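Good morning, and thank you for coming.

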Amino acid sequence: MADTLAADAVVSLIRGRFGIPYLFRDSCASTQRLLTPELPEGATAVCERQTAGRGRLERRWEAPPAAAILCSVLLRPPVMTGVAGLTLVAGLAVARVVERALGRPCQLKWPNDVLVSGRKIAGVLGESRGGVVILGIGLNVNQDESELPERPVLPATSLFAVDGIRRRRAPLLAELLFELEQLYGHWLGGRLSELAGELASRDYLRGRHVTVGDVTGTAVGIAPDGRLEVETSAGRQLVASGDVRVEPSA
Ligand code: BTN
């Protein structure tokens, strides 16, 4: 079967609520814009090509047609909190799926990057709008090195670039949606605390010297509410959002 994320290829593989309804387009501006707040929780938008794919902090998200997983999932948490925790939950779901696929460790760089061997394989964009949270996930699957975006600080990679295997994306997407649903269930029950051990073991920044905005120090972990904990010369500080620069170690 051809490698496609069209509904015919994906819907029969969906094992839970996430992925229903399944809104597929060959091309769209951004899957983030296909989901409207009246849709049920778990509604998922997927496309083969985005003309205006977006990353965090108004950056662009680029991928050649039909090579990556580009999807957005609608969540309706009962208590509207910040999206930081849910972004991490999605990052964990991606990390689990990537790690199983590659058989190699996968880390999270707070707040939204998924890394393999220090290179970014996926990113998560969490946005709240109209009382719902839209989690957008971009996972590089079949791009070869020449098709990956140039990223000056954190180089990009894909599953194919790591192990040379071309994969059908439909089973991967179905697995990702199921994993996200399971982890979201944990999050609903106990916020991030149940997942704290796994977050700590995947935390790429832990022990590194970092600067986020005007905070500089050693990243020591991720707090239960999803904030980054940084040990500074003035004591421990919690950072809610921002772009982390990793400083060369002394
Ligand atoms: C980031 O790393 O900055 C987040 C990237 C998120 C990209 C995905 S691709 C599917 C969804 N639609 C978008 O426009 N962005 C997200």
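Leu228 is buried, with a relative accessible area of 0%. Here buried means under 20% relative accessible area, exposed means over 50%, and partly exposed lies in between, with a 1.4 Å probe and protein chains only. Leu228 is located in strand 10, residues 228-232. Helices (H or I, at least four residues) and strands (E, at least two) are DSSP runs, numbered from the N terminus.

Please note that this is a predicted model, in which local features need pLDDT of at least 70 and side-chain atom pairs count only at pLDDT 80 or more, while totals for chains, interfaces and linings use all residues. Residues are numbered from 1 along each chain as its sequence is written, and side-chain values use heavy atoms, with hydrogens and water left out.

Which residues does Leu228 touch, not counting residues up to four places away in sequence? They are Trp110, Leu205, Val212, Ala219, Gly221, Gln237, Leu238, Val239 and Val244. Contact means heavy atoms within 4.5 Å. Between Leu228 and Gly242, 14 residues apart in sequence, the C-alpha to C-alpha distance is 9.7 Å.

Let us turn to the nonpolar cores. In soluble globular proteins, nonpolar side chains tend to be buried together. A nonpolar core is a set of buried Ala, Val, Leu, Ile, Met, Phe, Trp, Tyr and Cys residues joined through side-chain atoms within 4.5 Å. The largest nonpolar core has 62 residues, and those touching the most other members are Val98, Trp110, Ile121, Leu173 and Leu228. Helix 2, residues 84-102, gives the most to this core, with 11 residues. As for Leu173, its contacts, leaving out residues up to four places away in sequence, are Leu5, Val10, Tyr22, Val46, Ile69 and Cys71. There is also a second, separate core of 15 residues, with Cys28, Leu70, Leu74 and Val132 among them.

Cys47 belongs to strand 2 and is buried, at a relative accessible area of 0%. Not counting residues up to four places away in sequence, Cys47 touches Phe24, Arg25, Asp26, Cys28, Thr31 and Leu70. Cys47 and Leu205 are 158 residues apart in sequence, and their C-alpha atoms are 32 Å apart in space.

Next comes a pair of helices. Two packed helices are described by the angle between their axes and the distance between the axes. The axes of helix 2 and helix 4 (residues 169-190) come within 9 Å and cross at roughly 135°. That angle makes helix 2 oblique to helix 4. Axes are lines fitted to C-alpha atoms, for helices over the stretch in contact, and angles run from 0 to 180 degrees between N-to-C directions. Angles under 35 degrees count as roughly parallel, over 145 as roughly antiparallel, 65 to 115 as roughly perpendicular and the rest as oblique. Helix 2 contributes residues including Gly85, Leu86, Val89 and Arg96 to the contact, and helix 4 contributes residues including Leu172, Glu175 and Trp187.

The C-alpha atoms of Arg169 and Pro152, 17 residues apart along the chain, are separated by 27 Å.

I now come to the loops. A cis peptide bond joins Ile20 and Pro21, with omega about -5°. Pro21 lies in the loop between helix 1 (7-10) and strand 1 (22-28). Another cis peptide bond joins Trp110 and Pro111, with omega about 5°. Pro111 lies in the loop between strand 4 (107-109) and strand 5 (113-116).

Glu58 is not a glycine, although its phi is positive, about 60°. The loop between strand 2 (44-50) and strand 3 (68-75) holds Glu58, which counts as exposed at 78% relative accessibility. Ser117 has a positive phi near 50°. Ser117 lies in the loop between strand 5 and strand 6 (119-129), and it counts as exposed at 66% relative accessibility.

Finally, Glu147 is in the loop between strand 7 (132-140) and helix 3 (159-163). Glu147 is partly exposed, with a relative accessible area of 35%. Leaving aside neighbours within four places in sequence, Glu147 is in contact with Pro64 and Asn142.
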